[in-house]
Amino acid sequence: MRFGYGTNGFANHRLPEALKVIGELGYDGVALTLDHNHLDPFGPDLRQRTAEVGKLLADSNLAVVIETGGRYVLDPYRKHEPTLLHTNGAAWRIALLERAIEVAADLGAEAVSFWSGILPPDVSPELGWQRLIASCNQLVAYASDRGVQLGLEPEPGMLIDDLAGYLKLQAEVGSETLGLTLDIGHLVCNEPQSPPACITAAAPYLVNVQIDDMRRGVHEHLEFGTGEVDFPPVLQALKDIQYEGLVAVELPRHSHAAPTVARDSIAFLRKAER
């Protein structure tokens with residue numbers, strides 16, 4: 001099992017220092033969230049800065065996936081907005097995701113993870129769905145041309161909030177480039193099936209895994225052992241489907257204690273794997 005750690009859980013560290021700590025703690029990779037303080041996708045000289053990050057990753061022998069859930073990377077007032085579903089501003093989200101695809105191509109990243117977004121109050125579900133399909137088709141073409149794998153993440157509260165929603169979208173888009181990101185905590189939070197059953201059902205599409213603890217019906221990323229996830233069966237299910245991608249810790253609200261939490265997390269996961 002290849003474990004990684006999300007840089008959004010190291011928000012108070014400079015990126016070079018975060019990568020160094022993650023590597024020294026024994027992780028195999030990072031889930032790199034493009035954001036103001038960690039490889040700003042809208043800053044100057046993006047390709048040059050990306051090349052510098054690539055060297056840092058190589059120095060620490062870290063694989064990488066690209067995450068695109070920066071909270072205020074597009075709007076200083078509205079968290080995670082605009083989305084692909086908005087009437088005004090969706091083009092900015094497309095621009096962010098296209099830059100993420102370019103970064104992924106330059107870094108040789110294993111996937112670019114993204115989500116649908118929350119349905120705006122002035123947009124009907126039917127219109128939101130049409131916009132999502134159109135955007136995904138555009139992104140699939142852009143990623144395919146650059147040899148980049150996409151992973152759409154079902155996110156509680158968003159238009160695509162569960163595995164069934166992803167499978168419906170995949171059936172309409174019909175491209176292997178539109179893979180699936182699964183957050184293990186989300187499976188406990190709002191899926192009707194058990195996490196191992198979800199993993200088995202997701203096997204043909206799974207390209208990226210985030211891992212954290214969580215409780216049923218509560219979308220709050222928790223440290224391992226403080227929620228309701230039973231981790232040994234989850235890790236065994238990933239082995240059973242021969243998943244080879246990163247399994248990256250997703251604790252975006254724990255930056256205040258990042259080195260300690262990261263150290264405890266990999267110890268927990270290695271024990272659960274055994």
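Me: Where does Thr-68 lie?
Reply: This is a predicted model. In it, Thr-68 sits in the loop between strand E3 (63-67) and helix H3 (90-107).

Me: Is Thr-68 buried or exposed there?
Reply: Buried. Its relative accessibility is 3%, and the cut-off for buried is under 20%, so Thr-68 qualifies.

Me: What lies 2.7 Å from a polar atom of its side chain?
Reply: The backbone oxygen of Ser-113.

Me: Which residues is Thr-68 in contact with, leaving aside neighbours within four places in sequence?
Reply: Arg-93, Leu-96, Leu-97, Ala-100, Val-112, Ser-113 and Phe-114.

Me: Switching to the cores. Which residues have the most contacts inside the largest nonpolar core?
Reply: Tyr-5, Leu-32, Ile-66, Phe-114, Leu-169, Leu-178 and Ile-211. That core has 75 residues. Helix H4 (residues 125-145) gives the largest share, 8 residues.

Me: What about a second core?
Reply: There is a separate one of 7 residues, including Ala-31, Val-65, Ala-111 and Val-207.

Me: Which strands each supply at least two lining residues?
Reply: Strand E4 (112-114) and strand E9 (218-222). The largest share is from E9, with 3 residues.

Me: And how does the lining divide into nonpolar, polar and charged?
Reply: There are 16 polar, 11 charged and 7 nonpolar residues.

Key: Residues numbered from 1 in each chain as written. Predicted model: local features only at pLDDT ≥ 70, side-chain atom pairs only at ≥ 80, totals over all residues. Heavy atoms only, no water. Helix = DSSP H or I, 4+ residues; strand = E, 2+ residues; numbered from the N terminus. Nonpolar A, V, L, I, M, F, W, Y, C, P; charged D, E, K, R; others polar. Core = buried A, V, L, I, M, F, W, Y, C linked by side-chain atoms within 4.5 Å. Buried < 20%, exposed > 50% of the residue type's maximum accessible area, 1.4 Å probe, protein only. Polar contact = N/O pair within 3.5 Å; in protein donor to acceptor, adjacent residues only side chain to side chain. Contact = heavy atoms within 4.5 Å.
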